[in-house]
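Please open the structure in your viewer and keep the selection tool at hand. This tour tells you what to select next and what is there.

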Amino acid sequence: MEWFNRMKDALDLMERNMEGRLDIEEIAKAAYSSPFHFQRMFQMLTGMTVAEYMRKRKLTLAAQELALSSSKVIDVSFKYGYESPEAFAKAFRKVHGISPSEARSPGVSLKAFPRISFHLSLKGDKDMDYRIVEQEAFNVIGKTIRTTCQDNQQTRDIPVLWGACHQDGTVAKLASIGKDNNVLGITLDMQTGKDEFTYMVASQTEADAASLAEGLASATILASTWVVFTSVGPAPSAIQNTFCRIYQEWFPATGYEHSGGPEMEVYLPGDVMAEDYRCEIWIPIVKK
């Protein structure tokens, strides 16, 4: 319950500062959390990034002000943190479908994005088995894409990458050279305050990456402490549900937080669409 109260405090701070600039460090401090962990928790719980939420709330408040007052568009744009009326108009149209000046028209339809709230859900209907693993650094190779969390674009881009890797034989190749014939899905280069990241369909290898990496990228996963969960059920729905439970139930109940390193899905051999398919989820952690 304490964790949810801290999240509420962070939301209160965000709401009080809609007219000013507020960085992720200040928001996370209100939740007694590291900036990265707060941002990742917020995204997993709400389906949007902190920046998206702030943008939608500001544009909701801006639309209300334009509709109900005689404030100039340029003044409203600066009030809500836009560097120019042009940038404000572009963002406003994307959310509301009309220009800021049209918001004054009688009977015009505007979008309202309400403040979110967090509620404690006491389920207790299913255990969450996990293990803590200390893992030395290791090398991976695979195919990558650069994607973004904005508007959940990653949920469209990543399945396309997997489909292409299955079709062109990359998955089979990675399984044949990977440790224990496993294939990995790795989220790389996640940074505080950034919505973009790299996703990699990969395998762990101890061989010379250069000799194997024709058409493939290579990366080094640094030594870390990991919490490992097992997802049971067809991909990707079972994996997505497990991720949600990790952030909704496990993190708030423990003294750990996300370290900011890569996350991994470890796809074990088998039919990924089977009801009993098992996939491991590895998340790097540190003690609070």
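The model is predicted, so to speak of local features a pLDDT of at least 70 is needed, side-chain atom pairs count only at pLDDT 80 or more, and totals for chains, interfaces and linings use all residues. Residues are numbered from 1 along each chain as its sequence is written, and side-chain values use heavy atoms, with hydrogens and water left out.

**Packed helices**

Begin by selecting helix 4 (residues 50–68) and helix 6 (residues 85–96), whose axes come within 10 Å and cross at roughly 95°. Helices here are DSSP runs of H or I with at least four residues, strands are runs of E with at least two, and both are numbered from the N terminus. Axes are lines fitted to C-alpha atoms, for helices over the stretch in contact, and angles run from 0 to 180 degrees between N-to-C directions. Now show the side chains in the contact (heavy atoms within 4.5 Å): Leu-59, Thr-60, Ala-62, Ala-63 and Leu-66 come from helix 4, while Phe-88, Ala-91, Phe-92, Val-95 and His-96 come from helix 6.

Next, select helix 3 (residues 35–46) together with helix 10 (residues 237–253), which pack at an angle of about 130° with their axes 9 Å apart. At that angle helix 3 is oblique to helix 10.

**Salt bridges**

How many salt bridges does a search of the whole structure find? The search finds 12, each being a side-chain nitrogen of Lys or Arg within 4 Å of a carboxyl oxygen of Asp or Glu.

Select Glu-280 and Arg-131, which form a salt bridge whose closest N and O atoms are 3.3 Å apart. Glu-280 lies in strand 9 (residues 278–287) and Arg-131 in strand 1 (residues 130–135), so this pair ties together parts that are 149 residues apart in sequence. Glu-280 counts as buried at 15% relative accessibility, whereas Arg-131, at 37%, counts as partly exposed (buried means under 20% relative accessible area, exposed over 50%, partly exposed in between, with a 1.4 Å probe and protein chains only).

Then turn to Lys-79 and Glu-19, another salt bridge, with the closest N and O atoms 3.5 Å apart.

Finally, select Lys-8, Asp-12 and Arg-115, which are linked in a network of salt bridges.

Terms used:
Angles under 35 degrees count as roughly parallel, over 145 as roughly antiparallel, 65 to 115 as roughly perpendicular and the rest as oblique.
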